[in-house]
Amino acid sequence: LNNYAEAIELYNELVAALDKKEKKTQNHYLQYVKCINNMMKNHIALNEVDKALELTKNITNLMKNDAHFSKAFKSNVQEYCSFTFLLGSIYESQRKTDKAIRLYLRGLGLCARNTANQENYPEALKRISALYISKKDFQQAFEYMKRLCEYYELNNSNQVKEIAETYVSMGDITSGYDDYGKAIKFYLKGLELAKKAKPEDYPTHIKIMMKIANVYKGLKENDNALTYYLDVLELKKQVYGKDSEEHINSVKEIGELYASIDNHKRSLDYFRYYYEWAKKKTDPENMDLIEALSRLANAHMMLGDYPKALEFYLIYSERIRELKGERHEDYFASLDKLSLVYCKQDKLQQSLEIQFKSLQLKEERGKFSRNTVIALNNIGDTYFALENYQDALKYHTLCLERVEKIEKMAQEFSAQILLNIAHDHEKLGDSGKALESVFKSFKFVKGRGGYMDME
């Protein structure tokens, strides 16, 4: 009845009664152990792990000090096994992983001696595998999951669902240590068995298919990934409906996949669908609409449709400002996007206005930050593009002064900014200062890995 506290009280009464017995038979000892085990289960159910652990001390003390109790306890393998697994679960909850594994392994040995306690065997294998995963020991985790699969296939051939789950778990483990080829095979076998076990358990099928799609995506096998993403999309549409969150998540995933392989025309189709869905939401914040606007703008940008990109970036930027305020990182990023799209349209003056607005807001949060450094450099670059080399030099120099005071950024940015300054001096006809800046830049990159192009 889930009334754990009342159960504990009753077990306590029974333990007290057993303690009063002067002459204890083997049956009395076994009743005592059963009570302790059940009390431990109830304490665990109440998240009273410390109290459960305290009870285990009663058992261990009796085993040390009462030979009759120890003999009776160990002779009843079922209760001994149950106690061992309970103690393992307590240590697991306390994140004492190695102790928990040792107890579960001892429990496995006891299970092998007692067919009545076989129900604990598969659960122990699962727990051991999970604990090895937490230790990042994927090989050992896989070995115990493999044993679980063999156990099911040998002893419970009718438990197709459990076998399917085990294959999926083996896929998760092998994927965890980057053996994606094996992971795909296990996922496919798990999917086959899951469909056989419960043909209409579509949520489970979808979950496994998504794992397969994600592994193919990670392998850059985009055609295979797309096949599964599209199958999931259609299945979600049938199961949850075309306006469901589940279906829309798949729409986004396919749009992102197309974008990642530079098929921006196809990605645009899916992001439009996402946008039309998001517009219907009545949520005041409507983060989906903000995300859809950003994705649409990016897709138009990549396709070179700058007027459309600007249209969506303007709406996106305004919604970010209203929702998160002008001093939020996302608003800064939206201004940078607007500035870029103006540059792409050769509207450099408008771009410059946006950049100065962005710089002002960023400096209000702190003059010596990565954001302000990038903003100053961008302003310098825009003045250079406008052939206003004097102002380009002014802002590139200011940018360098800021960078030199930010130790973490000096190595990363100084070389490029010095090259920019060199170009400014060159355009202003001062070849000596231009050359001086180039030599300073060279000192930052010479012999450094990853800087070969700049060198």
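Helices here are DSSP runs of H or I with at least four residues, numbered from the N terminus. The model is predicted.

**Positive phi angles**

Lys136 sits in the loop between α7 (120-134) and α8 (138-155). Its phi is positive, at about 65 degrees, although Lys136 is not a glycine. Lys136 has a relative accessible area of 63%, so it counts as exposed.

Glu387 also has a positive phi of about 65 degrees, and it is not a glycine. Its place is the loop between α19 (370-385) and α20 (389-404). Glu387 is exposed because its relative accessible area is 58%, and the cut-off for exposed is over 50%.

**Positive patch**

Which residues gather in a patch of positive charge on the surface? They are Lys74, Lys96, Lys99, Arg102 and Arg106. Helix α6 (residues 97-113) gives the most to this patch, with three residues. Lys96 lies in the loop between α5 (77-93) and α6. Its relative accessibility is 36%, so Lys96 counts as partly exposed.

**Cysteines**

How many disulfides does the model have? The count comes to zero. A disulfide would need two cysteine sulfur atoms within 2.5 Å. For Cys343, the closest cysteine sulfur is in Cys399, 16 Å away, which is too far for a bond. Cys343 is partly exposed, at 25% relative accessibility. Cys81 is buried, with a relative accessible area of 0%. Buried means under 20%.

**Phe368**

Phe368 lies in the loop between α18 (348-365) and α19. Is this side of the chain buried, exposed or partly exposed at Phe368? Phe368 counts as partly exposed, because its relative accessibility is 47%. Phe368 and Asp283 are 85 residues apart in sequence. In space, their C-alpha atoms are 38 Å apart.

**Accessibility by residue**

The table collects the residues discussed above.

| Residue | Relative accessible area | Class |
|---|---|---|
| Lys136 | 63% | exposed |
| Glu387 | 58% | exposed |
| Phe368 | 47% | partly exposed |
| Lys96 | 36% | partly exposed |
| Cys343 | 25% | partly exposed |
| Cys81 | 0% | buried |

Definitions and conventions: Residues numbered from 1 in each chain as written. Predicted model: local features only at pLDDT ≥ 70, side-chain atom pairs only at ≥ 80, totals over all residues. Heavy atoms only, no water. Patch = residues over 30% accessible without salt bridge, like charges linked within 9 Å, V, L, I, M, F, W, Y side chains within 5 Å. Areas by Shrake-Rupley, 256 points an atom, 1.4 Å probe, with all protein chains shown as cover. Salt bridge = Lys/Arg side-chain N within 4 Å of Asp/Glu carboxyl O. Lys, Arg positive; Asp, Glu negative; His and termini not counted. Charge placed at Lys NZ, Arg CZ, Asp CG, Glu CD. Helix = DSSP H or I, 4+ residues; strand = E, 2+ residues; numbered from the N terminus. Buried < 20%, exposed > 50% of the residue type's maximum accessible area, 1.4 Å probe, protein only.
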